[in-house]
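Dear colleague,

Please find below the structure that I am handing over to you. My notes on what was found in it follow directly after.

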Amino acid sequence: MAYAYTRTVAPTVEPVTPARVRTDARIGTEWSDSDLNDEIAAARERAEHITQRSLLEQTWQLTMDRFPTSDEGPGIRLWWCPILSVESVQYVDVNGATQTLSSSAYAVDKVTEPGWLEPADGTSWPDTDDVINAVTITFKAGYGTEAADVPAAIRQWIRAQVVASIDNPSGQDMTGKGTSNPRVDRLLDAYVVYTRG
C-alpha cells in the first residue's frame, strides 16, 4: 500500500542557540546568527533523519491510498515520534466525499515507538473510494516546544556537528586519519526508532 509522510508545519525553534554554538566553536561575529541557525537546522534535520524522530513540535501528514485491511492488521504506524496528538483522520468515502472520523472512532498509542493509530475497540476502519491518497492523517510530534525539551544527548550531538561544520566546512578528511569521534557518534544510538514485528 502506497503511503507518504509530509511535514506541513516545521518547528518554530531549534534545540541549540547560536550563542551556545559561538561558545562551543570559540567564534565571534564572523558567523552571523542567520548562518549559524542554518547550520543548526541542518544538524537537527540530520539527527531527525538518523533517529526517525521529531525533536521539537511539528506537524505531519500521513497519506495512504486506503486504510489497512483486517488481514494486514488494523494498526497504522506513525513515524516521527514522540507522538503528541492526532489532529484529524480524513478519508474519501465510497461516494467520493471527504469525511472526517470522530476522535472516538480511533485510539492513539503514544507510548510505543513508533506510535500507532488503531480503530476504537469493537470498530473497524471505513471503506474508502479507490483513489490515490484516499486517507490523510494529520498529527503533531516532538518532545515539546522548547529547546530544553529535547534530550541532552541529542542537543550535544547537534552542537558537535555544527562545530565540526564550522571547523571543516568542506567535510573532507585532510589528515588521512578519519574524522569520526566515537563518543559523539554514539550519542544518538539510544534514540533511534526501530519498527516492531
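Strands β3 and β7 run antiparallel and are joined by three bridges. Within this pairing, Ile 76 stands opposite Leu 117 of β7. Please bear in mind that the model is a predicted one.

The two strands belong to an open sheet of three strands, ordered β3-β7-β6, with antiparallel pairing. Its edges are formed by β3 and β6, each of which pairs on one side only. On average, neighbouring strands of the sheet are turned by 25° against each other, with direction ignored.

At least two lining residues come from each of β1 (3–9), β2 (58–64) and β3. By type, the lining comprises nine nonpolar, two polar and two charged residues.

The bond from Cys 81 to Pro 82 is cis, with omega near 5°. Pro 82 lies in the loop that connects β3 (76–78) with β4 (83–92). The bond from Glu 113 to Pro 114 is likewise cis, and its omega is near 0°. Pro 114 is located in the loop between β6 (106–109) and β7 (115–119), two strands of the sheet described above.

Finally, I would draw your attention to two residues with a positive phi. Arg 26 has a phi of about 55°, although it is not a glycine. This residue is placed in the loop between α1 (18–25) and α2 (33–51). Is Arg 26 buried or exposed? Its relative accessibility is 77%, and because a value over 50% counts as exposed, Arg 26 falls into the exposed class.

Asn 133 also has a positive phi of about 55° without being a glycine. Asn 133 sits in the loop between β7 and β8 (135–141). With a relative accessible area of 40%, Asn 133 is partly exposed.

Yours sincerely,
A colleague

Definitions and conventions:
Residues numbered from 1 in each chain as written. Predicted model: local features only at pLDDT ≥ 70, side-chain atom pairs only at ≥ 80, totals over all residues. Heavy atoms only, no water. Helix = DSSP H or I, 4+ residues; strand = E, 2+ residues; numbered from the N terminus. Buried < 20%, exposed > 50% of the residue type's maximum accessible area, 1.4 Å probe, protein only. Pairing = 2+ DSSP bridges. Axes fitted to C-alpha atoms, helices over the stretch in contact; angles between N-to-C directions. Nonpolar A, V, L, I, M, F, W, Y, C, P; charged D, E, K, R; others polar.
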